[in-house]
2 protein chains.
Amino acid sequence: MDRTVCLELDASDPLADRRGAFTLADGLVYLDGNSLGVLPRTVAARLDEVVVREWGEGLIRSWNAAGWVDLPRRVAARIAPLVGADADEVAVGDSTSVNLFKVLAAARRLRPERRVLLTDDTNFPTDRYVAEGLAALGDGLEVRAVAPDAVAAALDDEVAVLFLTHVDYRSGARTDAATLTAAAHRVGAMAVWDLAHSTGALDVDLHAWDADFAVGCSYKYLNGGPGAPAYLYVARRWHTQADTPVRGWFGHARPFDFGTTYAPADGAERFLAGTPHVLSTAALEEALAPFADVSPATLDAKARSLTDTFVTLVTERCGDEVELASPREAARRGAQVSLRHPHAYALTQALIARDVIGDHRPPDLVRFGFAPLYVRHVDVHDAVEVLADVLATRAWDRPEHHRRNTVT
Amino acid sequence: MDRTVCLELDASDPLADRRGAFTLADGLVYLDGNSLGVLPRTVAARLDEVVVREWGEGLIRSWNAAGWVDLPRRVAARIAPLVGADADEVAVGDSTSVNLFKVLAAARRLRPERRVLLTDDTNFPTDRYVAEGLAALGDGLEVRAVAPDAVAAALDDEVAVLFLTHVDYRSGARTDAATLTAAAHRVGAMAVWDLAHSTGALDVDLHAWDADFAVGCSYKYLNGGPGAPAYLYVARRWHTQADTPVRGWFGHARPFDFGTTYAPADGAERFLAGTPHVLSTAALEEALAPFADVSPATLDAKARSLTDTFVTLVTERCGDEVELASPREAARRGAQVSLRHPHAYALTQALIARDVIGDHRPPDLVRFGFAPLYVRHVDVHDAVEVLADVLATRAWDRPEHHRRNTVT
């Protein structure tokens, strides 16, 4: 596979026109959109308008006049089609951690007689911490973590909630969400999905999966900016019964009545809590514009094509210097490929020094994310050229590449 | 009291030079800083830099290079002196509602054998909802709400936590936090304070009060922008025992090790949860700059002077058209005065139409907040002139002032 083939793939890419919506420095190959998405071109101007006109001039009046009060709802309506949901099944706000806490508590309360929160032991550590924090509130609740291939067998009538991340943050392995959701339902358990590494890159379809709840992150493939507000999903069948543990006023049916009695809003919005972070949420709203009319299936096809190209080129060019740590079959991967290398941290730094940005996950992985909206096949080609050269010349083996940063 | 007296008071105001740090339209009298603070002049440029340079160009590298990873800690260090705390006793992030949930859960777990969360029935409704949501998680926990003057008598050995708001959001009444904290401690209960309507305007001194936990809002008197991240306080004596119910990775001692075992960070930081909202938090950091070298006592003195001026002028100019709904004695008020009027909503709208911005709280209050950093005595004078005229001419009694907005 050569550069020409990659250019041809780009020429027939149905998402090719979207790249122009993002600020991307010349010569930079950014393969870390699974950690922090790039800046959409119109966000800075929109945010400046929100700050200077809406906040600075409009002041308190902007809750009505600039529509701040509906901002979470407008953003939910933009995210919903990317996860196969209806707009009123999605609520936007807080962080993924806080949202996971909320939906785990809610899911468990729909199975009050059961005592186990089940996950796999490769799940993102925070997801386990959050579940353990909920369990520590008492009530005999217990978190059980088993190997990924043991999840189905571990489902029994003690399990209140199965909670999993759709795409593994290290290996990039993609779980069969529909099958595992069905397996959970067969034993009467609820299924909660973490979509942090999926939404905006893969064919997420919560309705087809029959998921009960989900949470996700908007600063990765959704390009909402560092620490952008997260979202959550509540299946329509739970809208009247689901109860958030964090009853904040923005989840109230009539927050501006200031009534002393809690009355939850309709739909997923009852899971909102405090006042929305307007600046961050407005940035996210604007950042989602390039996803207009893009189907999750189209994103998924592009992601598979990009990761296939990467795997093929690495296999051709890098020999056995690195080991593929992700599934070889595209349908079993997210929009991410991880490579194993004994000096993965230094290798990551050496690539960054050559303007190929991936990231390191301990102990021995270099991760590469392929955001379908702005990464091209030719970028993949050029990245592998650099990788092959860094490996061949052992360019990673310089003191400056071993120096540790706080965030890796 | 006339305008000249007000100008003289402004001339000797030790905070007079701070007003220049804020964008304030000519002719506008903004008395709603207790709902949404005004825009500090340097925030828009700072936020643009964060978006364009740090996010757009620096991308993932900015977690280290631009210090995003330390951002919550830097902001905590700016808020700590305004609440009489040490920097490591404060954590910045999430919303006030989420933070209240976290500290109520933590406080209660330090009194596991007790079953009552006590508050007063004038507390901000969300604070009650949040406590009730925690109680609904089981364990026999119960929320008890009594009249403000019955709180001391309701403290007994069943009470795990006394949680109160320092300044009443409707009446503006200021509670004696030190006395009530001591009363709670005498029966072995924990004391949790909501500082939403205090910090940045009053002499908050959590050390002197001997408070156990506190939460607060940064978009009111701290001017952090709409929905700016909130903060919480954990007294040093609880730093090793306090346990957050929401165990997110930013509250972990070593988040970037991605370890499967939860190990809380030192100090209040263990109460952080998900990835910080960098854009909102960076705006808040910049917004706090005008508080440099300002003591809470200085803010409090100015707030008392402003509200005294307002009460005096209203008494002189408005006759019995409005009723004072706040304590007449300045030391018993926050930086806020509420007036009662049978058509409070329309009166609020009529004032806004004349560029005097307060807000309405149902059923019959008009609230006025006096942010000590940018409101002048002459603004107070001019606002009362308009108020007196609107009342005398019944200018509020026009159809357009009765038309309801979503947010009041």
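Buried area is the accessible area, taken with a 1.4 Å probe, that two parts lose on being put together, summed over both. Chain A and chain B bury about 7,000 Å² between them, and 69% of that is on carbon and sulfur atoms. Trp55(A), Tyr129(A) and Phe258(A) supply 11% of the area that chain A buries against chain B, more than any other three residues.

Before going on, a word about where this comes from. This is a predicted model, in which local features need pLDDT of at least 70 and side-chain atom pairs count only at pLDDT 80 or more, while totals for chains, interfaces and linings use all residues. Residues are numbered from 1 along each chain as its sequence is written, chains are lettered from A and ligands numbered from 1 in the order in which they are written, and side-chain values use heavy atoms, with hydrogens and water left out.

Back to the two chains. With contact meaning heavy atoms within 4.5 Å, 83 residues of chain A are in contact with 83 residues of chain B. And how many salt bridges cross the interface of chain A and chain B? The rule, a side-chain nitrogen of Lys or Arg within 4 Å of a carboxyl oxygen of Asp or Glu, finds 0 there.

Now, how do the copies relate? The same surface serves both copies, as 100% of the contact residues of chain A recur in chain B.

Let's go inside. I'll say buried for under 20% relative accessible area, exposed for over 50%, and partly exposed in between, with a 1.4 Å probe and protein chains only. A nonpolar core is a set of buried Ala, Val, Leu, Ile, Met, Phe, Trp, Tyr and Cys residues joined through side-chain atoms within 4.5 Å. The largest one has 304 residues, and Trp193(A), Phe213(A), Trp193(B) and Phe213(B) touch the most other members. Leaving aside neighbours within four places in sequence, the contacts of Trp193(B) include Leu164(B), His166(B), Trp209(B) and Phe213(B).

Next, some helices. Helices (H or I, at least four residues) and strands (E, at least two) are DSSP runs, numbered from the N terminus. The expected span of a helix is 1.5 Å times one less than its number of residues. For helix α5 of chain B, residues 96–109, that gives 20 Å for its 14 residues, and the end C-alpha atoms are 20 Å apart, which agrees. In α5(B), 13 of the 14 residues are buried, so this helix is largely enclosed by the rest of the structure.

Helix α12 of chain A, residues 344–353, is mostly covered too, with 9 of its 10 residues buried. Its buried residues pack against β11, β12, β13, α13 and α14 of chain A. Just after α12(A) comes Asp355(A), with a positive phi of about 65 degrees.

That brings us to the backbone. Most residues other than glycine have a negative phi, and most peptide bonds are trans. Asp293(B) has a positive phi of about 65 degrees although it is not a glycine. Is Asp293(B) buried or exposed? Its relative accessibility is 79%, so Asp293(B) counts as exposed. As for the peptide bonds, a cis one joins Pro362(A) and Pro363(A), with omega about 0 degrees. Pro363(A) sits in the loop between β12 and β13 of chain A. In chain B, the bond from Pro362(B) to Pro363(B) is cis as well, with omega near 0 degrees.

Last stop, salt bridges. Over all chains, a search of the whole structure finds 62. One of them joins the side chains of Asp379(A) and Arg19(A), at 3.3 Å from N to O. This pair links distant parts of the chain, 360 residues apart: Asp379(A) is in helix α13, and Arg19(A) is in the loop between α1 and β1 of chain A. Both Asp379(A) and Arg19(A) are buried.
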